[in-house]
Each structure stands twice: as structure tokens, then as C-alpha cells.
Amino acid sequence: MSLPIEFVEKYKNLLGEEESSRFFTAIDSPSKKGFRLNPLKNNYQDIQYSLKEPIEFTKDGYYGEISGRDSEWTGGYVYSQDPSAMYPAVSLNVKPGDKVLDLCAAPGGKSTALASSLDNSGLLVANEISKSRAKDLRENLERWGATNVVVTNESPDRLSKKLSHFFDKILVDAPCSGEGMFRKDPAATQYWSPEYVLTCQTRQKEILIEAMKMLKPGGEIVYSTCTYSPEEDEEIVAWLVENYSLEIEPLKLYPGMSAGRPDWSKSNMPELKETVRLWFQNGVGEGQFVAHLKNIEENQETSTKVKKRKNKRHKKSTIARLNKDEISAVAKVLDNFALPSSLENWQNEVLQSNGHVFVPALDPGMLTELHVLNNGVELGLLKKKRFEPSHQLAEVLGQKEQKQLINFEDKVDYERYIHGETIKVDSNLRGFVLVAYQNHIFSFGKIGNDQILKNFYPKGLRK
Ligand SMILES: C[S@@+](CC[C@H](N)C(=O)[O-])C[C@H]1O[C@@H](n2cnc3c(N)ncnc32)[C@H](O)[C@@H]1O
């Protein structure tokens, strides 16, 4: 691979002759592929891919390659992810009930992992600044089928104005110079220059300043990049410790991981060795840097602005409760399916906005003026007195064993369905049904008396 000369010189200096030679050889060797399973789904290990090579530091990560055409993927059972990139979400140590923010979240590799750890309890706000990437993030999280996720398309500063000192745990998987991606994506070398590294550093600080405004006293933050440059890694962590009441929490070093390098930061802060580097040449996956920090401030003033604004804005919004008839129209469809326990009380929580019926993960009054792509679970659309369930609900219902289900036996039927075709079925079921292949639920469909399964797989997702 052709690498920028200044890059080669820099890493020869930092790593020394022998290690840099291993590093440059590894850049020219094949990438390692990995995927993660989704423990939220029913019988989630029932998949066609081999689970013989688990990734040691993860709960549900494996080496191997998956295909985006398979029902494992359309049904949200698997997510393709670089093995090294699995460590940041693991490092945040999320527990059910936590309020978690993934500030730079698209396409959602780490958000899906955080949602798995939350197990439908607590909250995940997955934010992405780019509009097109936020759309991918929403789709990936939709497939994952968690019930407690908010997806926003915002800049960190707009988000921090609304959600001041709100989160227990924050992941900042920052945009970076991407040196750790050179092997997988050689085109990334074209953007690299020493100046670009410093531009990234400035942006990382700007993002972290906003992240810190959203962290609760006692909260935890994981900062990660997919670059090796000390300016964006150890230097940034040293800057955080120098400017905030943060302490570095030691991360465990698993085989193939290396300690951070205090000597590569101007501060020479010894605790930097508790951060983690994953190098190409050490065999886990692509390049990654991870640091885990804890806010040791005890009594930070928490903002009350959110609460004050809540009621005022709520009145103006188009969000409303459902009347009795509307609730029964929704219940008529939902009663045919087994709901995950987090949705069992949907009737008490459900709201609608322009006919879109949803069970919010977070009070919509807290999110006014933000670009919200998803808040909790969209159950479906009320059309006069009829109710049409949403695609997201199908993915959520994949958490449970279902009876109102068409499970294709023939792969050809599955392929035709994700292409958008209707299918003739031999079934006594009528009305809305879930559609699966190899028991991986991936869509709704609707059967009429003619036994034709009408296609409800969203047009934008068809293949
Ligand atoms: C390393 S990627 C995130 C990968 C993601 N966490 C995952 O695991 O799938 C960094 C993200 O930060 C976003 N980004 C770029 N500039 C930003 C900024 N100024 N503030 C916040 N996010 C930014 C990029 O659009 C990109 O999606």
C-alpha cells in the first residue's frame, strides 16, 4: 500500500525499526472480519454462521463474515463489525437501567452493542450529526429491535443545550484521521496529513466539551478513535484530565491489546498507560484506541431548564394521547402478538403525532426543537379507524416467539419477499402476520381470503 511519507516517518520514529516493520507489513495483510449477535432476539444463537471463533473480550462477538442479504441480517440477529471496534462499547460497562448517550453513533456498530447491554431497560440516545449517516443509524437500530432507543440527528452543542448533565454513561467514538482504517479502506490514506491530524484533534475537543456538559456527576465516559495518532489519542485524554474532574479508569488488556503510551503525550501522565491501543500487527482487528474515564465531581449543578421548558413546549407540539377508539384499533392488531415485557403497558404510555402511534423512550417534551428520527417504538400508523403496524414493530416483535407468523420454508420465497413481491401462502391466518425465514422475523405482511401474503417490507429496504 502506498502510504504518505510523513506517516511512515512518524511511525518509524514512534515505534522503532522492528515494531514499525511489523506494523507496515500488517497494513498490507488482509483485514479480520467479525460480527456480533443480538441477544435481544428470540433464540438469537439460532443462525447459520459459525460461532466457533468467539472474540474473547466480548459477550456476543465472533470472527467471521456475514451477508447483508441473509435473514439473520434483515431480522437484526447480526451486525457486521470490526473486532477491535467492539472494545469501546464493552469498555463503557453499560448495565440495564443506565441512561446512555452515543454521541457520534452512525452507522451504529457501537449503539447496537450498547442497546444489547441495556436489555430494553434505561435509555440509549444515539446521535449522529450527518443527515445521511443518521438515516443508516436509524435503520440499523430499527433492525436491532430494542424498545428504549432515541435516534437524533444533531450537532453535539444543540444536544447539550437540551440534555444537560443527563447521562450516566457517554460514548464518544470520535471522528478521526482514521489511520486504523488504512488497511480496510486504503482510500483513507488520501486524506491524511499532519495538518489533518491536528484538525481532527480540534474537532475532538469541541465534541468532548459538549459531551462533558451532558455527563452526570459520577458519570462515565469512553473516548475512542480508530486512529493511532497520539495527538488524537493520549493527548486528548491528557487534555480531558487536565481540564475536567475526570479520572482515568483502568481498562483490561486482553491478548492482542497494548497499553496506551504516556511517553507519546506532552503531559507524560502515567495513568495514560491504563488506556488501550489495538494495533494491526497484534491480530485482533483494525486499529483502535480506547480510554475510560470517570467524572469524580460530586455535586454538579444539574440544569432545570429541561423541566421548565417541558410543559410549555409540549402544549404547542402535535403530540397527543389516543382516544378510546384509537386505542382499541391499535389493540385489535397488537393483541395477536406476544409483546416484550417493556411494551406490556403500552396503553398507559402510548402517544401519537400526525397519526404515527409510538411508545416513547423519552418524554418528547425534552426533545422539542431537536431532529428526532425515532423515539422509542413506533407501533404504527392510524388511518381513520384502521391501524397499520410499523416495520419497527415487526423487528421489536422478533424478541418473542410468535404464533401469528408465516415462516418461509423456501429461500426463494424469502428472496422474493425482500424484493417486494406478494406470495401465495397455504395458511388459515388472516390479517396482519409477522413474516420470517428460518424463524428470523424480518417484516409484517397481510393475508386476505385469497391467501395472498401482501408485502409490507418497506420499499426503501427492498433488495
Ligand atoms: C468513527 S465514526 C462513528 C462510528 C460509530 N460509532 C459506529 O460504531 O458505528 C464518527 C462519527 O462522527 C460523526 N461526526 C463528524 N463530525 C462530527 C462532529 N463535529 N460532531 C459529532 N459527530 C461528528 C461522523 O459523521 C461519524 O459518523
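Begin by selecting Cys226, which sits in the loop between strand S8 (215-225) and helix H8 (234-243). Helices (H or I, at least four residues) and strands (E, at least two) are DSSP runs, numbered from the N terminus. The model on display is predicted: local features need pLDDT of at least 70, side-chain atom pairs count only at pLDDT 80 or more, and totals for chains, interfaces and linings use all residues. Residues are numbered from 1 along each chain as its sequence is written.

**Stop 1: Cys226**

The UniProt annotation "active site", from an unreviewed entry, covers Cys226. UniProt positions are given in the numbering used here, feature names are shortened, and annotations may be inferred rather than shown by experiment. Is Cys226 buried or exposed? Cys226 is buried, because 26 other C-beta atoms lie within 10 Å. A residue counts as buried if 20 or more other C-beta atoms lie within 10 Å of its own, as exposed if 12 or fewer do, and as partly exposed in between, with C-beta atoms placed from the backbone.

Next, display the contacts of Cys226. Leaving aside residues up to four places away in sequence, Cys226 touches Ala85, Cys176, Gly178, Gly180, Met181, Glu286, Gly287 and Gln288. Contact here requires C-beta atoms, placed from the backbone, within 7 Å of each other.

**Stop 2: the ligand shell**

Select the ligand and the residues around it. The shell holds 18 residues, of which Cys104, Gly109, Lys110, Asp173 and Pro175 come nearest. Helix H4 (109-118) and helix H7 (194-214) are the elements that give two or more residues to this shell. A residue is near a molecule or strand if its C-beta atom, placed from the backbone, lies within 6 Å of it.

Colour the shell by class: ten residues are nonpolar, three polar and five charged. Ala, Val, Leu, Ile, Met, Phe, Trp, Tyr, Cys and Pro count as nonpolar, Asp, Glu, Lys and Arg as charged, and the others, Gly among them, as polar.

Then move to Pro107, in the loop between strand S4 (99-102) and H4. The peptide bond from Ala106 to Pro107 is cis, with omega near 5°.

**Stop 3: the open sheet of three strands**

Select strands S1, S2 and S3. They form an open sheet in the order S2-S1-S3, with antiparallel pairing. Strand S2 (61-63) and strand S3 (78-80) are at the edges, each with a single partner strand, so one side of each is left without a neighbour in the sheet. Neighbouring strands of this sheet are turned by 30° against each other on average, direction ignored. The axes are lines fitted to C-alpha atoms, for helices over the stretch in contact, and angles run from 0 to 180 degrees between N-to-C directions.

Strand S1 (residues 34-37) pairs with S3 over three bridges, and Phe35 stands opposite Ser80 in S3. S1 also pairs with S2 over three bridges, where Arg36 faces Gly61 of S2. Two strands pair if DSSP finds at least two bridges between them. Along S1, Gly34 and Arg36 point one way and Phe35 and Leu37 the other, and all are buried.

**Stop 4**

Select strand S14 (residues 351-353) and strand S15 (residues 356-359), which run antiparallel and are joined by three bridges. Gln352 has Val357 in S15 as its bridge partner. The two strands form a hairpin with two residues between them, and Asn354 in the turn has a positive phi of about 50°.

**Stop 5: two asparagines with positive phi**

Most residues other than glycine have a negative phi. Asn93 has a positive phi, near 55°, and is found in the loop between helix H3 (87-91) and S4. With 14 C-beta neighbours inside 10 Å, Asn93 is partly exposed.

Asn439 likewise has a positive phi, of about 65°. This residue lies in the loop between strand S21 (431-437) and strand S22 (440-447), and is partly exposed, with 18 other C-beta atoms within 10 Å.

**Stop 6: Pro4**

Finish at Pro4, in the segment before helix H1 (5-27). Pro4 counts as partly exposed because it has 16 C-beta neighbours inside 10 Å. Which residues does Pro4 touch, not counting those up to four places away in sequence? The contacts are Thr189, Trp192 and Ser193. Pro4 and Thr189 are 185 residues apart along the chain, yet their C-alpha atoms are separated by 7.1 Å.

Key
Contact = placed C-beta atoms within 7 Å.
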